[in-house]
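Visitor: I would like to go through this model and ask what stands behind the terms used for it.
Guide: Here it is; ask as we go.

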Amino acid sequence: MLRNTFLKNSVISTRRFLATSVKKQPSIGRFTGKPDPLTGKYTVSFIEGDGIGPEISQSVKDIFAAANVPITWEFCDVSPIFVNGLTTIPDPAVQSINKNLVALKGPLATPIGKGHRSLNLTLRKTFNLFANVRPAKSIKGFKTTYENVDLVLIRENTEGEYSGIEHVVAPGVVQSIKLITRDASERVIRYAFEYAKAIGRPRVVVVHKSTIQRLADGLFVNVAKELSEQYPDIKLETELIDNTVLKCVMQPDAYSDAVAVCPNLYGDILSDLNSGLSAGSLGLTPSANIGNEVSIFEAVHGSAPDIAGQNKANPTALLLSSVMMLEHMGLNEHASKIHNAVLNTIASSPENRTGDLGGTATTSSFTEAVIKNL
Amino acid sequence: MLRRLITKRTFVTSLQETILPKKYGGRYTVTLLPGDGVGKEITDSVISIFKAENIPIDWETVEISGLDNKENVKLAVESLKRNKIGLKGIWHTPADQVGHGSLNVALRKQLDIYANVAIFKSMEGVKTKIPDVDLVVIRENTEGEYSGLEHESVEGVVESLKISTKEKSARIARFAFDFAQKNGRHSVCAVHKANIMKLGDGLFRNTVTEIGAKEYPDIKTSSIIVDNASMQAVAKPHQFDVMVTPSMYGTILGNIGAALIGGPGLVAGANFSREYAVFEPGSRHVGLDIKGQNIANPTGMILSATLMLEHLGLKESANRISNAVKQVIAEGKHTTKDIGGKSTTTEFTDAIINKLANTPL
């Protein structure tokens, strides 16, 4: 989604060009929300998150205001409540997101090792966000160890190893169940094909380990093979996760023309691996969680409580997620304007980069620089 | 690496020391399982080098293929039971649901070969993006996602069981800490996904960190979530020393490691049970696509074979051979295609043999 024709063609005069190059969206999970007829503005639910969340959210709000994006924010509190021992999102937040059909989300702290389910997982389950889209692309002007990384990964988001079905069979013996269903596999693989079609990539690569999990991953692979008959223009490849990992790290540009799709856990690992390749961290990685009705766009990095409130955090991941959100909503002009401003700011000089990218900028000075570049 | 490998038997901890491989007339018999793909070519390379060096080893070759009847794995099992030590290539596992599962897994299970060690160390002369990588991945081989327990409850709904046990987690944890201690390494990091699989991976993580804190106070113990570990490993691999993992995460980190040092052909590895030691390349790629072309890089297999020599107490020979391999690669005149050279497998092997011939004992 972040493949950017605009960067290359920025010389070409603006308006006409923008009008003709409207980003195509996959046919599944399309945004159906309408702007408020009185103001002409869309309402978007905003989960600012914990730790550095409020700071990086402020940056998004400032930049959106400066760019005159026709959006009104509706703030949501998702502090978990427990209903019958289950992690649950407060009702007002659920209502807000169901009404607006779209949300932007900062990082939420998930306590490790405590009994309850992670809030991120709860959000995905509550709104049935079946596909997680994770583009990872090198940023021009910001040099990292790996070059020309341009990976797109789609992860099944609702089942697999994250089914949450586990039990102690006998003391010291645990069974964790990985659940793979035809329905969920079909839904996410179809989305991957549609996504590849929309962004013009000719290959879909299904990543699996069906040599070992012959039934579970085997089902996932078989569903992909069946579906591929409906997409004769897109080449389907199936690849063992061993090979994908090896090739991805040795030669990331081998996947620049592909969309990868995989079951939940592999997707989780590979998407972070991809971010390691494109940026060396999660600080520049946007992500979208797509459902049939609702979609939530989020920064995937942690809430970094150690630097919270110090004006040090890098808001790029949340900004790039908000760009994906604008594209999803069809606000392509605003999307590309903000996208270019963010990338140009990072590329301009270390003074305009935050500490995690080896620069000296603060959250607020970075934000100002982006606004100047708008 | 691997000083005092002869004491490796104590990896087994708490259980009785078993007998080392037997030596008859001053010679050892070693089970040779060439495997599929490039297996034959790269084990031939080892055979030639060992012959040139007069290594006191007789090979007992068991040629079976991953495409064969699964029952054939018995032949390998019986041979290993006799010899207690083996050198192995990788058997191919077809990625479809007809036929049988992985022979590699079957062998490991039948002999309870629970610990897999893979060593990822940068080599002079191999171009990589990040220099001086030196990490070890120790992987539980017998349970976890590789349990092979799966069923289709109703059509279109498959459950795959991942089994985690306290006993096996503790066993691999002790193995990892012993390994670290004996090889002068300072930290062991448990890789897990306990934020999601709270019980299963939680058990693994807690077992490793508890054993580390209680029994190995001189080794630093830590833990990391697998997705973060993967990201960190490609960006900043130097922070890791020994990583201990359930089976699936080991596959992933192992392939990252292989990519970091320049390819799967360079990785040395070994597998241990209480009684048996099977040495095989640390990166388990079959290489079907380059089979029979005489272009495979045998380095990983040769280095695995030198680990085997150390295990047998033939340390001097092990050092001689591994030094020769490293020198030939560093000189860069006779290297294989995968690391930017032009030589064939046999030319590379001959260069090593020449190097050895010109190195005084």
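**Contacts, cores and the interface**

Guide: This is a predicted model. Leaving aside neighbours within four places in sequence, I138(B) is in contact with N116(B), V117(B), I172(B), F175(B), A176(B), F179(B), V242(B), M243(B), V244(B) and T245(B).

Visitor: What is the largest nonpolar core, and which residues have the most contacts inside it?
Guide: The largest nonpolar core has 118 residues, and I138(B) and I256(B) have the most contacts inside it. Helix α7 of chain B, residues 247-261, gives the most to this core, with nine residues. A second, separate core has 89 residues, among them A93(A), A131(A), Y231(A) and I338(A).

Visitor: Why is helix α8 of chain A called mostly covered?
Guide: Buried means under 20% relative accessible area, and seven of the ten residues of α8(A) are buried, so the helix is mostly covered. The buried ones include I241(A), D242(A) and C248(A). The cover includes β7, β10, β11 and α9 of chain A, together with α6 and α7 of chain B.

Visitor: What makes K193(B) and D268(A) a salt bridge?
Guide: The cut-off is 4 Å between a side-chain nitrogen of Lys or Arg and a carboxyl oxygen of Asp or Glu. The closest N and O atoms of K193(B) and D268(A) are 2.5 Å apart, so the pair qualifies. The rule finds one salt bridge across the interface of chain B and chain A.

Conventions. Residues numbered from 1 in each chain as written. Chains lettered and ligands numbered in written order. Predicted model: local features only at pLDDT ≥ 70, side-chain atom pairs only at ≥ 80, totals over all residues. Heavy atoms only, no water. Core = buried A, V, L, I, M, F, W, Y, C linked by side-chain atoms within 4.5 Å. Buried < 20%, exposed > 50% of the residue type's maximum accessible area, 1.4 Å probe, protein only. Helix = DSSP H or I, 4+ residues; strand = E, 2+ residues; numbered from the N terminus. Contact = heavy atoms within 4.5 Å.
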